[in-house]
Amino acid sequence: MAELEIINVSKTFGQSKVIDNVSLTVGAKEFVVFLGPSGCGKSTLLRMIAGLETVDEGEIRIGGKRVDALPPGERGVAMVFQHYALYPHMTVRENMSFGLRNVKIAPAEIDRRVAAAAKMLEIEHLLQRKPAQISGGQRQRVAIGRAIVKEPHLFLFDEPLSNLDAALRVRTRLEIAQLHQRVDAAMIFVTHDQIEAMTLAHRIVVMNNQRIEQIGTPMEVYSRPATAFVAGFVGTPCMNFAPVEITGASPFVTLRLPDGSMLETRVDRKALPEGGRFKLGVRAESVRPCATGEGNCSGTVKFVERLGDRTLVYVLLSDGTTIVAEDAGMSRIAIADAVGLRFDSAGVHLFDDVRGYHAAEGA
Amino acid sequence: MKRRAFAGLAGAALLAGCGVSQAPNEIVVQRFFGTCNAQYGSQTDVAAAQTECGIITTLINKFRAENPDIKVTVSTVAWPGYNQLSAQMATGDAPDVVTMHESAIPDFQSRHLLEPMGEELRAVGVEPDNFTEASLKGVTIAGNVWGMPFDTWAPLWHINMNYFRQAGLVRDDKPILPSSPEELIEQARQFKKATGKPYFVQALANQKPAYSRNLYTYLMQQDADFFADPKRIKLRTPEARRIVEMFRTLYEEGLTTRDQDYAAATRGFMNGDGGVYLVGTWMIGDYEAESRRPDRPLSNGYTVYPYPQLFPEKDATFADGHSWVMPVKERTPQQRQAVYRLLKFLADNNFQWARTGHLPAFTSVIESAEFKALPYRDNIAKIALTGTPLPAGVERRFAIEDTIGEELAPAIAGQKSVEAALFDAEHRVNDLLFHVLATSGEP
Amino acid sequence: MSVAAAHVTDSRETRSGARGDWSSLLYVAPFLLIYIVLVVYPLFSGMWLSLHKADFFGERVFVGLENFTRLLADKVFLGTLWNTFYFIVLTVPALAIIGLGLALALNRTTRAAAVLRGVFFSSSVLSVTIVTLLWRVVFIPDGGFIATVLEMFGKPPVAFLSDEDLALPAIAITTIWWCIGLPMMLFLAALQQVPKELYEAAALDNAGRWKTLWSVTLPSIRRTFALVIIIEIVLQFQLFGQAQLMTLGGPNNASRPIVLFIYEVGFNRWDIGYAAAAAQILFGLILMAALAQYFVARRKGEA
Amino acid sequence: MAAGSMVGRTLSDRLILVAVIVLGIVMVAPIVWALGLSLKTNAELMVDTSSVLHAPYTLQNYWDLVIGSPVFRWFVNSMIVSLGMTIGVLVLSSLAGYGFARLEFPGRDIIFVLVLFGLAVPEQAVIIPRHQLFSELGLHNTYIGLILPGLSTSFGVFLMTQYFRAIPREVDEAAMLDNATRFQVFWRVLLPMTLPAQATLGIYTFLHAWNDYWWPLISGTNAQMYTVTVGIASTQINFAESAGLGFLMAQAIFAALPILIVYVFFQKYIVRAVSGGAT
């Protein structure tokens with residue numbers, strides 16, 4: 001059953017559209033991540049679900065019930081804010097029980113829920129402290145605890161990890177994943193960090209320019225990006241792009257790279273629209289350095305990035321295009337080496353050069 | 001916070017009802033002269049009391065004791081209290097009877113804020129014919145009596161006879177006083193040479209009225225009609241210039257103390273800072289007491305005189321007086337009667353008040369043996385005749401005094417030319433009077 | 001006045017979490033009511049009054065702008081403008097700087113610091129009547145406190161309150177003495193808010209005392225500094241009691257502030273139309289100062 | 001400086017301390033002088049105020065105060081007026097500050113600017129019409145009449161609005177998600193967070209009210225309604241504060257003492273409250 005349905009929702013602030021006709025369904029117990037650059041509308045969409053922003057057009061349903069006219073408290077959702085938004089004058093216990101007391105839940109029940117949540121989050125020893133007296137990571141846990149005690153069917157996280165240092169961020173990320181295992185609820189998590197998105201999500205909703213670019217599982221988004229934007233936003237390093245010309249007859253197209261070298265693919269000529277202009281997209285992992293003359297093209301090594309398990313090689317083609325290729329961890333390639341590049345045709349994507357949509361892939 | 005706010009509201013509601021209402025037999029007496037309840041709060045022995053505050057406090061205590069049917073509420077105000085009184089009158093919350101300088105009466109009378117009192121005073125046996133000339137002038141406007149005079153006061157020459165003797169300025173146990181500006185400066189120089197002290201002790205700092213009063217006195221002595229038209233002052237005259245220049249010379253030559261304020265000058269004279277202190281009647285009692293203490297600069301060496309006549313034209317001294325007036329107000333017959341009973345009582349005890357140093361307001365008292373028996377009163381009794389207020393039609397006299405004083409101070413201290421100061425003073429006073437709204441005669 | 005308008009908000013906001021409705025106005029209404037009755041109405045009433053030749057006791061004649069032309073030709077009034085401005089220059093920076101200095105010096109937990117904080121605050125609770133009485137005793141050249149000290153060094157006494165050049169500075173000193181408690185307290189409070197980590201970081205960076213003060217402490221209390229300046233300008237613009245009780249505006253109009261002028265004209269001379277006109281000019285001046293401050297602050301805030 | 005405590009006592013630390021102590025002596029000298037004056041008989045002071053420097057001292061003035069001075073009454077009046085004004089300003093400013101900072105209503109920004117204009121309105125510009133208005137409403141010589149004008153000042157609204165604006169909106173939103181009504185958001189969540197501003201505003205208002213002179217002088221004209229400031233002025237004899245100087249000082253000390261004691265004992269909490277470091 002769908003926990004959350006967003007149907008043709010739009011919103012404008014003054015002249016500018018901030019959400020443009022978005023539809024989305026989130027299933028029960030699903031973990032969905034809204035991913036996108038800042039200003040793409042992901043936070044606004046989250047806040048609309050929470051009831052903190054109005055909905056100008058369209059519908060939002062939670063648990064089958066239309067909620068877009070309800071105040072935030074009555075939507076049965078809980079939210080964890082970017083800056084935690086703890087009440088500084090209340091103790092941790094009071095912070096966690098505030099919402100429950102407002103809906104007149106029996107004190108015994110409140111105590112039970114707070115105790116359970118505190119135990120789960122290992123913050124039992126902090127219950128009598130105030131937010132100013134605990135660390136950033138602890139505050140994060142309290143903010144999560146405040147959401148848990150409400151026992152909602154939908155959790156909303158608004159970039160909750162962005163204020164933590166790197167180590168803590170990884171740990172908390174894991175904990176949120178574990179939390180999702182334990183609670184019987186759907187979660188929506190907003191972030192601009194694709195690693196968070198990839199590691200946490202059942203499905204990722206990639207947003208850009210007030211619209212959804214793609215909805216899919218992490219692997220779908222990674223390996224079959226729906227648009228050049230998605231392809232460029234997800235994955236490290238960024239996908240290589242290069243304008244190409246289509247040559248060669250059927251059945252498969254051959255691509256002319258900007259430096260003039262040719263790349264044969266297994267893309268069906270008929271699958272491509274006539275007369276379109278395309279660009280090549282290929283991830284570094286699908287490009288291997290080789291001896292000059294052996295690969296599809298060649299160039300000069302501009303920069304070498306050693307990551308331990310693999311090595312990224314930045315190769316400058318003769319026309320000035322840079323292609324990033326991946327080599328083994330123990331690669332001996334050095335700057336200024338002349339290398340050849342071999343493209344794995346299965347990893348080749350073609351994108352409409354104008355509108356950016358995914359036109360074809362090599363597999 | 002919730003509780004606090006509630007308490008605040010409840011308190012506010014309570015307090016709103018806490019306005020002050022007056023009982024039918026209650027009269028509110030508003031006065032200056034200060035508070036001295038600690039010493040005199042329960043005293044009724046008027047004869048034993050000293051100082052303005054002590055005497056007026058015991059007088060009213062005594063009246064209360066003798067008239068248990070009247071409730072007298074005393075409200076003491078900061079001197080002179082006219083801002084407060086104006087505010088009260090504007091709000092219709094005036095007291096029943098108030099102390100008022102005679103010089104302030106025209107302001108309030110011209111706006112129909114005072115009741116005429118002549119007839120009713122006469123009815124309780126306080127006969128205006130018995131007022132001294134200075135007092136009668138002070139409370140009479142357009143033939144009506146607008147207040148019961150309480151005293152006449154004037155600035156005087158308080159003299160340290162010990163220094164005068166040292167300077168050779170004593171003859172027949174009396175001080176030799178100057179009879180012209182030149183002589184004054186001559187004697188002052190002689191005094192300073194002999195004693196090393198300045199001739200004059202003056203409160204020149206923060207004290208505007210003193211300058212004006214000196215000017216008034218010496219203009220009057222020259223018979224200069226500087227207020228021929230009560231709406232216009234004339235100060236750009238040789239007469240005025242002569243006076244200011246005289247004080248300027250005294251200042252320049254160090255023949256006066258310079259930077260003392262009132263308190264410092266009052267103490268200074270007591271401690272032997274100079275020969276003559278120019279201050280009002282109210283200090284006589286204190287200095288007389290001081291002169292009876294041993295081993296003090298004033299020991300057995302104090303006397304007091306009116307301003308000596310420096311100009312041959314006229315023997316005159318600027319004078320003012322304290323009086324009791326009744327603001328226009330609705331009163332029960334009981335209250336009205338109570339006010340006049342109090343006034344009668346105060347009139348009957350005018351001698352006691354005169355012990356402060358002020359001159360009595362009643363001829364019978366001034367001529368009485370008991371008054372004459374008070375020290376130095378002989379010397380100054382003539383002020384009851386020579387004491388002269390400004391002409392009756394002049395309004396805003398406190399403001400005028402301040403304005404003139406403000407302009408004369410820098411002229412005397414040499415910070416401004418005499419000519420410019422007199423010009424500015426005249427201009428400012430006339431501007432002030434020009435903008436006093438003409439009021440429509442009698443009520 | 002905003003009921004109809006509030007309804008519009010209503011329809012827009014009920015859907016949102018803000019839940020705006022007519023009750024929004026309930027929060028500001030109590031203050032607005034008092035503000036309108038006790039400030040706005042009297043202000044306009046005062047403006048109207050300033051166009052009249054008016055007596056304290058009721059009679060009024062419409063004279064247009066005469067009061068204003070008269071004011072601009074009134075040497076005494078023009079002098080008060082200068083005096084007021086000069087007084088602010090004398091007091092406000094001094095209050096801010098001394099207050100800050102004291103706060104810096106006393107922001108520690110020792111017993112001595114606690115006592116001294118009490119000492120520096122103590123003058124604030126004295127009423128103006130007493131403060132001026134005390135300081136007259138200090139300033140008076142005849143046996144006054146300063147004169148006595150000068151005398152010990154063989155110097156002649158200085159007549160602070162009757163010297164044109166010294167009267168206003170003397171009042172300023174009195175005022176600083178009287179008012180130093182509040183800025184000090186505000187700064188103390190602000191200093192307590194500066195996170196300790198900042199000092200630790202500065203210490204690790206080997207920043208010296210002055211460097212720390214300049215680059216850590218001061219930037220952290222910027223807002224308090226602005227607050228102190230605003231409060232003090234508003235307060236010192238309204239100088240009244242000290243001048244009235246210490247010098248009566250003298251000598252030679254050297255220490256009369258504009259408020260004392262208004263008071264004297266209104267309550268001593270009963271020329272309330274003229275007083276009202278002077279008050280309007282004071283209002284205009286403070287308004288300009290406030291607007292200037294506002295724009296400067298805003299520009300800085302945006303930067 | 002906090003830095004000083006970490007580095008330990010240095011020479012410059014001590015120099016600063018010495019400077020502050022010297023300044024403190026300058027600061028306290030006039031008060032000690034006043035205390036001295038209050039311990040001398042009036043007669044002695046009339047002759048020479050420097051007699052303060054030596055014995056004999058007497059508590060006579062304080063005794064006189066206890067038996068015959070209305071200073072108690074003035075003190076109570078001043079307390080009622082100052083506390084009333086402080087509470088009133090805090091309540092009104094908090095409500096309005098929240099309204100201007102957080103709520104949507106038409107004309108809000110314009111109204112706020114108009115309220116800010118009030119910062120520029122000196123009391124003198126409105127005092128005469130205000131006085132006439134209070135006459136018509138019969139509010140003179142009532143506590144309400146003394147308190148109300150103080151409630152109209154824009155400063156508190158300005159301060160509270162700024163403070164509310166500085167609180168992240170996330171906090172309101174969290175509370176809304178916690179099912180708090182708008183009033184609860186204000187009362188239970190935001191208001192407690194403004195304690196530092198409340199303390200600042202409260203102290204400022206209290207001192208301002210305590211030292212106010214002009215309005216109480218012309219509104220509370222009945223001797224029963226005098227505040228300390230007006231009352232002390234009223235005891236001065238015929239422009240002669242030379243007489244009764246000791247008694248005057250005793251009254252002043254007496255009137256200032258309770259507040260001073262409150263400050264000295266509670267300064268830790270006051271400063272902590274103003275700084276927001278409340279426990």
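This is a predicted model: local features need pLDDT of at least 70, side-chain atom pairs count only at pLDDT 80 or more; totals for chains, interfaces and linings use all residues.
Residues are numbered from 1 along each chain as its sequence is written, with chains lettered from A and ligands numbered from 1 in the order in which they are written.

Back to our helices. α10 covers residues 196–204 and α11 residues 209–220 of chain C, and their axes come within 10 Å and cross at roughly 165°. Helices here are DSSP runs of H or I, at least four residues, and strands are E runs of at least two; axes are lines fitted to C-alpha atoms, for helices over the stretch in contact, with angles from 0 to 180 degrees between N-to-C directions. So α10(C) and α11(C) are roughly antiparallel (that's over 145 degrees).

Who touches whom? L198(C), Y199(C) and A202(C) in α10(C) meet T212(C), V216(C) and S220(C) in α11(C), contact being C-beta atoms, placed from the backbone, within 7 Å.

Now, chain A. There's an open sheet of 5 strands, in the order β15-β19-β16-β17-β18, with antiparallel pairing (pairing needs at least two DSSP bridges). At the edges sit β15 (287–290) and β18 (322–328) of chain A, each pairing on one side only. β17(A), residues 310–317, pairs with β18(A) over 7 bridges, in the antiparallel sense. And V313(A) stands opposite A325(A) in β18(A).

How values were computed. Angles under 35 degrees count as roughly parallel, over 145 as roughly antiparallel, 65 to 115 as roughly perpendicular and the rest as oblique. Two residues are in contact if their C-beta atoms, placed from the backbone, lie within 7 Å.
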